[in-house]
Amino acid sequence: MKVLKFGGSSVADAACISKVVSILRKEHEAGHSFAVVFSAFKGITDELIEMSRLAAKGDLAYKDHFEEFSSRHLQVADELLDGDARAGVRAFLMENHEVLYNLLFGIFLVREVSPRTKDYVLSFGERNSAYIISQVLLHLGIPAAYLDARKVIVTDKHFGSAKVNMELTSQKIVDYFDQHNGVVQIATGFIGSDLGGLTTTLGRGGSDYSAALLAGALDAEVLEIWTDVDGVLTADPRKVKRALSIDEMSYKEAMEMSHFGAKVIYPPTIQPVLRKNIPILIKNTFNPDHPGTKVSAYPNVEQAGPVKGISSISRISLLTLEGSGMVGVRGISGRLFSALAEAKVNVILITQGSSEYSISLAVDPDKEKVARKAIEKAFEYEMSSGLIEPVKVEPNLSVIAIIGERMRFQPGISGRLFQSLGKNGINVVAIAQGSSELNISVVVSAEDESKALNALHESFFLSRNNELHLFIVGLGLIGKTLIEQIRKQAAWHLEHNRLDIKIICISNSRKMLFDEGGIDLNIWESMLQEKGVPTDLKALVERMDQLNLSNTIFVDNTASKEVADLYEEILNASISISTPNKIATSSAYETYSHLKSLAKRKGVQFLFETNVGAGLPLINTINDLIDSGDSILKIEGVFSGSLSYIFNNFSAERSFAAVVREAREKGFTEPDPREDLRGFDVRRKLVILGREIGWQLETSDVGVGAFLPQACLDAQGIDHFFEELDNHHAYFHAAVTRANEAGKRLRMIGSLENGQARLELVEIGQESPFYYLDGSDNMVIITTSRYQERPLIVRGPGAGAEVTAAGVFAEIIKIGRYLS
């Protein structure tokens, strides 16, 4: 014998009921002996509550709800049955509905609905659904009979949550089934009756309880609870999209997850099967071939991890009682919890430090004021004497719990939990853990609940892959190249680095596009055009913060001050940043220092390797040298691809103006080459490097040797500028000729040495590596205490979309590894 129970979502309409009937037909054809318990159709119990409420208020709208209730059941009967069977069910329903209508009219007249009357009203939901389905089965040739559970489940008169007379109920069930052997009983869930025959309801989880009562009394081999999910999941799928099904779990684990909000089973309802060690199988009506979850006393743990699931209670308030008058005083806890019990306040979580200085407890927010008043009354003397502080109340919190009986056998579970939360910038307000280590609970801000659940779920269940969530601003050449590099390498990183890279948002100056599941990188440009909304950077950052996804990285590919000004807000939200944008790091030293320290304080990364040298490993190399105890003595280099190209190609045979024109045409310079020739960009790079080696450097501290004649600088417009370059041909020719005659070459060198930062045009001899520089390459020479005789040399492309995007991509991977 097995007992099956189907919830409201499984019998929402005729289509759903057809799926249920198919499941039961297979059971019958397999020769199994079984009984079935049904809830009311989905939403019907709430509808009945609303009817009675409106009738009690004297609101005639209850009639509209009644008509909807009546027509819904009749429609289902019409869709599932025909002929005499349909007529018989319609007659039964019409009789039931007449009784209900008169009952509601009575409530309307007296303007009151007592608990006793309300229970009777609610019973019509289960009675209708069970009867309809029993007749559908009969119509299909399955020997089924309708069982009104009021005949076998005996309770007291505690209407709304009646207490079951276990001994009498068990005997009645056994007797009834003995008398109706060989017939599939289709029983109503949720309802019973007292000894006098008055209708009662069994409270929360009542239909599960009805099924458990039948299973326990009949010594069933299994209790199957059919719902709309594939068994018990590792987390709430509404909050954790990648929640997984659990194969097996213990009764204790199931009850713990239920306590912390998971819709598994309501603990009080499973007592009848728990006492007899009858396993519970939780299955999906809409995916019946899925094995579901088996809940038993002794689950198979060979393949199971230490953590079975992660659950949460979304709304709690934390109350803290503290003060020196509590230390070493006996009876404080007893008085505290007695006061709360008298006030009928349920305590969700308790935590107390070993110093006995404070006790914190979590309660439902609706009970917060009642709890606070009860505590203040109980400790009125101590508070008035200053021995105990006024009750501290912290609202808008959530409890997150990781659950698993095997956690106690594996060290490091707590460390992993706090590391996952810490790396995602989630602050823990309180901690609770029992000596059995069945669960570890933490209290966090309600805003961080979803982020915490996803971070922990990824750590404990998806640890093979670490999911990164990117928000990319700036879709110019660098941004487009970066997206293409990610598209090409995503599968490789998933396989080799266990990094699942998802781009959640892309934005240019006109439009922005969001997709929480990850934007399809094969069609991102068309998606941005079709579904993008007008760009609002402030709204973008707010949305990123509100989504609160774990392992979020903000990527700024712009040169925009408006974007850079948002870095503080982004870091404050515990979101890492990778950017080639130099504005924030080369602005006022105070801003640079604040952002660096803020990132460190928040436990996130603020990376800007591509600020200097694009993809060349300069900043990381310098930091690694300093971290290892080396001292930076001197840094000198050609830091500009445009200036490198110009002076590498400038010779006595080619005019300076011609080389600058060529550099501009090839895209090496800004539209106005004076931006490059004045050294503004190199000056910012020197400032950034100087700050990274510990100097408090401002851009005004960088000396720039002027080599352009003033007339060139003052020229109005680009054409006039080039005219002035031509006019000063002799000046430039003399400079390069002078260098050539000395066996040297001209190079624009930036340097950091002895606290001085300088950029100037220098004649370089063959003994210098700069002499052999060609193309548009950058070259940086780093002299340190360890590398004096043979300094470190870093050379390569210092500009270009491919290498810059690659540098940003490398930082994204670095952040991903840090967060994993």
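Predicted model: local features only at pLDDT ≥ 70, side-chain atom pairs only at ≥ 80, totals over all residues.
The chain holds 30 helices and 29 strands. With a radius of gyration of 37 Å, well over the 28 Å that the globule rule gives for 820 residues, the chain is more spread out than a compact globule.

**The chain as a whole**

- Along the principal axes, the C-alpha atoms fill a box of roughly 120 × 75 × 55 Å.
- Of the 820 residues, 52% are buried.
- Among contacts with a separation of 6 or more, 72% are between residues 24 or more positions apart.
- The accessible surface is about 36,200 Å², and carbon and sulfur atoms account for 48% of that surface.

- Helix α11 spans residues 368-378, and its buried residues are Glu368, Ala371, Ala374 and Ile375.
- Viewed down the axis of α11, these buried residues fall within an arc of 135°, so they line one face of the helix.
- As a reminder, an α-helix has 3.6 residues a turn, so residues three or four places apart point the same way.
- On the face turned away from the buried side, α11 carries the exposed residues Lys369, Lys373 and Lys377.
- The cover over the buried residues of α11 includes the helices α10 (332-342) and α12 (380-384), along with the strands β11 (309-322), β13 (358-363) and β14 (392-403).

**A seven-stranded open sheet**

- Seven strands make up an open sheet with mixed pairing, in the order β20-β19-β18-β17-β21-β22-β23.
- At the edges of this sheet sit β20 (533-534) and β23 (606-607), each of which pairs on one side only.
- Take a look at the β20 end: β19 (residues 511-514) runs antiparallel to β20, and two bridges join them.
- Lys511 has Pro534 of β20 as its bridge partner.

**Thr234, a buried loop residue**

- Thr234 lies in the loop between β7 (222-227) and β8 (248-250).
- Although it belongs to a loop, Thr234 is buried, with a relative accessible area of 3%.
- The side chain of Thr234 makes a polar contact of 2.6 Å with the side chain of His457.
- Beyond its neighbours within four places in sequence, Thr234 is in contact with Ala243, Leu244, Ile246, Met257, Lys308, Gly309, Ile310, His457 and Phe461.

Conventions
Residues numbered from 1 in each chain as written. Heavy atoms only, no water. Helix = DSSP H or I, 4+ residues; strand = E, 2+ residues; numbered from the N terminus. Buried < 20%, exposed > 50% of the residue type's maximum accessible area, 1.4 Å probe, protein only. Polar contact = N/O pair within 3.5 Å; in protein donor to acceptor, adjacent residues only side chain to side chain. Contact = heavy atoms within 4.5 Å. Arc of directions from axis to C-beta. Rg over C-alpha atoms; globule rule 2.2 N^0.38 Å. Areas by Shrake-Rupley, 256 points an atom, 1.4 Å probe, with all protein chains shown as cover. Pairing = 2+ DSSP bridges.
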